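Hello,

Here is the structure we talked about handing over. Please open it first, then read the notes below.

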Amino acid sequence: MQDAIILGGGISGLTTAYLAQQRGSDISVVEKSTHAGGPIRSSSEDGYLYEKGPNSLLLPDPWVESFIEELGLSDQLQETNPIADKRYIVKRGRPVAVPSSPLQTIFTPLFSLRGKLGFLLEPFREKISERDARTETVASFVQRRMGKDFLDYAIDPFVSGVYAGDPHQLILKHAFPLMRGFERDGGSIIRGAIKHKKKQKREGTAYKKRSISFKEGLGILPKTIARKLGNRLWLNSEVVAVDRIDDTWQVTWKRDGENFKGLAKKLIVCLPSHAIKRIAWSKAIADPLEASPKLTYPPVHSLALGFRRDQIQHSLDGFGVLVPSQETPTILGALFSSSLYEGRAPEEHCLLTVMVGGVRHPELAALVPDKLLEIALHDLRPLIGLEGEPTFYRCSSWPHAIPQYTKEFGPWKETLRGLEEEFPGLHFGGNCIDGIAMGASILSGKRLADLL
Ligand SMILES: Cc1cc2nc3c(=O)[nH]c(=O)nc-3n(C[C@H](O)[C@H](O)[C@H](O)COP(=O)(O)OP(=O)(O)OC[C@H]3O[C@@H](n4cnc5c(N)ncnc54)[C@H](O)[C@@H]3O)c2cc1C
């Protein structure tokens, strides 16, 4: 019998498995796809290095950096290009740089005068009770504290860029717990943020978060862990049933039409919520799971588009451009990928990564790559002064991209926590419970490995 079986070989399951193995545990990982790492996949073709899923890893704390070092990937690590510091948001059909200083905020055309005056009042606005905060949406919080302008032209596009989601549906305390903490502990976002910084300084935990990638793209991270796991990683293996037998866990998975079984003392579940619900569990686990609400995962298409640099008038001097839902373009936004990281496009060429779909446009899930390209080009032409056709185009589609931390998330999380309490040795992690960023999933893997 093994120490643990880990369901799901996304970055959370892989991290758990690697750390557990390093600490001497006997483990297996069972992954449905032929690739490890979930959506974290990079590809190099025709001189372009593009990402099929995530584009950047925001290092959340020093531990993740040391983990990368432990994996032997430090010399692969790639910092963002300083040229990509700017972020653009579309206003009246034009990309406008997001202000990065108080002076720029005064003069930016992104917000109205009334909106700007509204920000100044933020520290003086009443905070709401813990009870009311339980169900407050991101939109309601932002509008209450910062005003509608800030919601429409800062948070709405930001939420679309991070969650491919809708601020009117996401619950603040789950989707952005730090923000909720600022208001709760400091009485306002600004005072809370200052208090938080001071606390980190006092405790010696201050860390400047920064976005990174790798010279071969983010895909090298799961690839490296998968290589280290060797035959402990079962690819192309779909978990179909889990039985609790006395104090142990029996997992059944299907590979090439054949059933395999494994027995372990502990069960670590790093699967999407819809996959968790689909498994045939022992009845005592199946019943609460069936009664709990489902999380929504909107579809997202990621379009890698290459152009000759002289086909685009815009300076591409930024991270990319995001589209507020108020504006007309259909795309959610475009990353200036070759500005962001070196080595993404051939000489005199550039690479853009365009996101389409999300909660805003789930109806686009069914469109074929040619049609998606048409939409992207139609939107990009006026936005960045684009002429002609792409020299390179690849489309990666994610029918269930990112879990939405909406009103269903609280009861869902409670169900999983309840099952963990009732069944010793059962643990859940990954982005259906521990946060949706890659960094959060890596930290989730660490948390789970510490439980083994
Ligand atoms: C298009 C896109 C862009 C993104 N951009 C960013 C970004 O720039 N930065 C960022 O930080 N995050 C980004 N994210 C989010 C981030 O990539 C994910 O939240 C993170 O990788 C999730 O890792 P995980 O291990 O928690 O889950 P997953 O990667 O979803 O892992 C779950 C695994 O379970 C497997 N599985 C499912 N069912 C079964 C079954 N029955 N049996 C066995 N295995 C099964 C799946 O194949 C999958 O590999 C993006 C996501 C997408 C889709």
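**Salt bridges**

Arg381 and Glu389 meet through their side chains in a salt bridge, at 3.2 Å from N to O. The term means a side-chain nitrogen of Lys or Arg within 4 Å of a carboxyl oxygen of Asp or Glu. Arg381 is partly exposed, with a relative accessible area of 27%. Glu389 is exposed, at 51%. Here buried means under 20% relative accessible area, exposed means over 50%, and partly exposed lies in between (1.4 Å probe, protein chains only).

Some background before going on. This is a predicted model, so local features need pLDDT of at least 70 and side-chain atom pairs count only at pLDDT 80 or more, while totals for chains, interfaces and linings use all residues. Residues are numbered from 1 along each chain as its sequence is written, and side-chain values use heavy atoms, with hydrogens and water left out.

Side chains of opposite charge can pair when their charged atoms come close. How many salt bridges does the rule give? The count comes to 29 salt bridges.

Glu65 and Arg210 form one of them, at 3.1 Å from N to O. Glu65 lies in helix α2 and Arg210 in strand β9 (residues 210-214), so this pair ties together parts that are 145 residues apart in sequence. Helices (H or I, at least four residues) and strands (E, at least two) are DSSP runs, numbered from the N terminus. Glu65 is partly exposed, with a relative accessible area of 25%. Arg210 is partly exposed, with a value of 25%.

Asp317 and Lys86 form another salt bridge, with their closest N and O atoms 2.7 Å apart. Asp317 sits in the loop between β15 (300-308) and β16 (320-322), and Lys86 in the loop between β6 (77-79) and β7 (88-91), so the pair ties together parts that are 231 residues apart in sequence. Asp317 is buried, at 15% relative accessible area. Lys86 is partly exposed, at 37%.

There is also a network of salt bridges. It links Glu122, Glu130, Glu136, Arg144, Arg145, Arg180 and Glu183.

**Aromatic rings**

A search of the whole structure finds 16 aromatic pairs. Trp63 and Phe67 are stacked, because their ring centres are 5.1 Å apart and their planes are at 15°. The rule: rings of Phe, Tyr and Trp (its six-membered ring) pair if their centres lie within 6.5 Å; planes under 30 degrees apart count as stacked, over 60 as edge-to-face and the rest as tilted. Trp63 and Phe67 are 4 residues apart in helix α2 (residues 62-70), so about one helical turn separates them. Phe67 is buried, at 0% relative accessibility.

Trp234 and Trp253 pair edge-to-face, at 5.0 Å centre to centre and 70° between the planes. This pair links distant parts of the chain: Trp234 is in strand β10 (residues 233-234) and Trp253 in strand β12 (residues 248-255), 19 residues apart. Trp253 is buried, with a relative accessible area of 3%.

Phe158, Tyr163, Phe176, Tyr405 and Phe409 form one aromatic cluster.

**Charges over rings**

The charged end of Lys91 sits over the ring of Tyr153, 4.5 Å from its centre. The charged end of Arg255 sits over the ring of Phe260, 5.7 Å from its centre. For this, NZ of Lys or CZ of Arg must be within 6 Å of the ring centre and within 35 degrees of the ring normal.

Best regards
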